[in-house]
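Welcome, and please keep your viewer open with the selection panel within reach. We will go from stop to stop, with something to select at each one.

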Amino acid sequence: MFHFSRFRNTSALLYLHITTTVFRCVSTMSGTMRAVNFEPGGPENLRIGSVPVPKLREKEVLLKVYATAINRADTLQRKGLYPPPPGESDILGLEAVGIVEKLGSGCVKTWKIGDRVMALLPGGGNAEFVASREELLMPVPDNMEFNQAAAIPEVWLTAFQLLFLVGKVKKNDTVLIHAGGSGVGTAAVQLCRQFGARTIVVAGSQEKIDFAKSLGAEEGFNYKESMFEPKVLQHTDGKGVDLILDCVGGSFFSQNINSIATEGTWVVYGLMGGRTIDTGDHLGKILQKRITIVGSTLRTRSIQYKESLIADFTQRALPHFSSGEFRPIIDTTLPLDSIQEAHTLMESNKTTGKIVLQRKGDSREEEIGEDITVLKF
């Protein structure tokens, strides 16, 4: 390990720049990289292995990854239940943050080598390098470290999509957010607060509810202690909520039908509580209330859809991170080598916010500037 401490003179900076450049070249010349591999099953089947560095296709950009994260989709893929879209990487990881290493043929955007970017991915993020479509990159805010930015792409774009593109949320709407302490949940609460909607969260602990309230949630209910349906109706004076963001599915179906307002919209984006529902007059209630139920995913959407989503998010939401009005919520940061621990933690349902995976030499420690503190290899 090389370790340089605090260079301030020009010759030292030049040496540091040359060393960093040489290291970057050597890291890709070998043609291999470290990445998360797995056999279908439990977290114990995850391991770090050596795989080829991705070859760039048309309009793709190669990123040197400094931080990534895990999502529920990764745990499902690990179990063999959620394969990547056809033709995409089978390496886990739906987001990554790092530096542009190489531009592929046909790239027409303004990205250049060395840019700090975050990427929404169909897979491949849990690795040292990843290929991303140039349209699916966003700039990392200047005031943000890589590990913080890694908590943005998947969950914030999902929440933004559910609220604005699918749910058509309006100012003063009341939104019921399930899994209010999750990455998507904490992002949705902040988005609603900023754009004038009221939020009620459902979560499995008072700690998560209190945290959601600190982000702007109006009220919260613990589904483990009692049914949330009567409390939602009481809080809304019997009207019910205008929009439901539902990642649970089956086990909450009846309560959701009774909690939603007439002509409300119910967006289902996960099935953590099962794929089937109990018997009852569900269709009658849907008809009587004129409820709109919409299913939504993001991973399998078209490049064109994702590009439009990212452009909208970049314009309307991303500036609020620089101003401090939005903040990515991180529960735990672990090294990539602790991937087994990360998945075990995710499946414990005890986290609030994201689990971030960080590689050595992360953050601004490898960047060149007037005052270099540390360089780690």
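## The enclosed space

The largest cavity has a volume of about 50 Å³. Before you select anything, note that this is a predicted model, in which local features need pLDDT of at least 70, side-chain atom pairs count only at pLDDT 80 or more, and totals for chains, interfaces and linings use all residues. Residues are numbered from 1 along each chain as its sequence is written, and side-chain values use heavy atoms, with hydrogens and water left out.

A cavity here is a set of points, on a 1 Å grid over the protein atoms alone, where a 1.4 Å probe fits but cannot get out; lining residues have an atom within 4 Å of a point. Points are joined across faces, edges and corners, and the volume is the space filled by probe spheres set on them. With a threshold of 30 Å³ or more, the count is 1 cavity.

Select V65, Y66, A67, T68, A127, E128, L336, L357, Q358 and R359 to see the lining of the largest cavity. Helices (H or I, at least four residues) and strands (E, at least two) are DSSP runs, numbered from the N terminus. Which element gives the most to the lining of the largest cavity? That is β4, with 4 residues.

Now colour the lining by class: 6 residues are nonpolar, 2 polar and 2 charged. In this scheme Ala, Val, Leu, Ile, Met, Phe, Trp, Tyr, Cys and Pro count as nonpolar, Asp, Glu, Lys and Arg as charged, and the others, Gly among them, as polar.

## An open pocket

Next, go to the second largest pocket, which has a volume of about 550 Å³. A pocket is an open set of points with protein on both sides within 12 Å along at least five of seven lines. Its lining has 31 residues; select R57, E60, E88, S89 and P122 for those that lie nearest the centre.

β7 (129-133) and α10 (303-316) each supply at least two lining residues of this pocket. β7 gives the most, with 5 residues. By class, the lining of the second largest pocket divides into 15 nonpolar, 7 polar and 9 charged residues.

While you are here, pick S132, a residue of strand β7. Is S132 buried or exposed? S132 counts as buried because its relative accessibility is 1%, where buried means under 20% relative accessible area, exposed over 50% and partly exposed in between (1.4 Å probe, protein chains only). Show the residues around S132: beyond its neighbours within four places in sequence, it is in contact (heavy atoms within 4.5 Å) with K59, E60, V61, A119, L120, L121 and L137.

Select residues 183-195, helix α5. Its 13 residues, at 1.5 Å a residue, should span 18 Å, and the end C-alpha atoms are 19 Å apart, which agrees; the expected span is 1.5 Å times one less than the number of residues.

α5 is mostly covered, with 10 of its 13 residues buried. Among the buried ones are G183, V184, Q190, L191 and C192. To see what they pack against, show α4 (153-166), β9 (174-178), β10 (198-203), α6 (206-215), β12 (241-246) and β16. After α5 comes G196, with a positive phi near 90 degrees.

## A buried asparagine

Centre on N256 in helix α8 (residues 253-259). N256 has a relative accessible area of 0%, so it is buried. Leaving out residues up to four places away in sequence, N256 touches L176, H178, F228, I244, D246 and W266. With D246 there is also a side-chain polar contact of 3.4 Å; such a contact is a pair of N or O atoms within 3.5 Å, where within protein one must be able to donate a hydrogen and the other to accept it, and residues adjacent in sequence count only if both atoms are side-chain atoms.

## Last stops

Pick E263 in strand β13 (residues 260-268). Phi of E263 is positive, near 65 degrees, in a residue other than glycine, and E263 counts as exposed at 53% relative accessibility.

Finish with T344 in helix α12, which counts as partly exposed at 45% relative accessibility. Draw a distance from T344 to P43: they are 301 residues apart along the chain, and their C-alpha atoms are separated by 6.2 Å.
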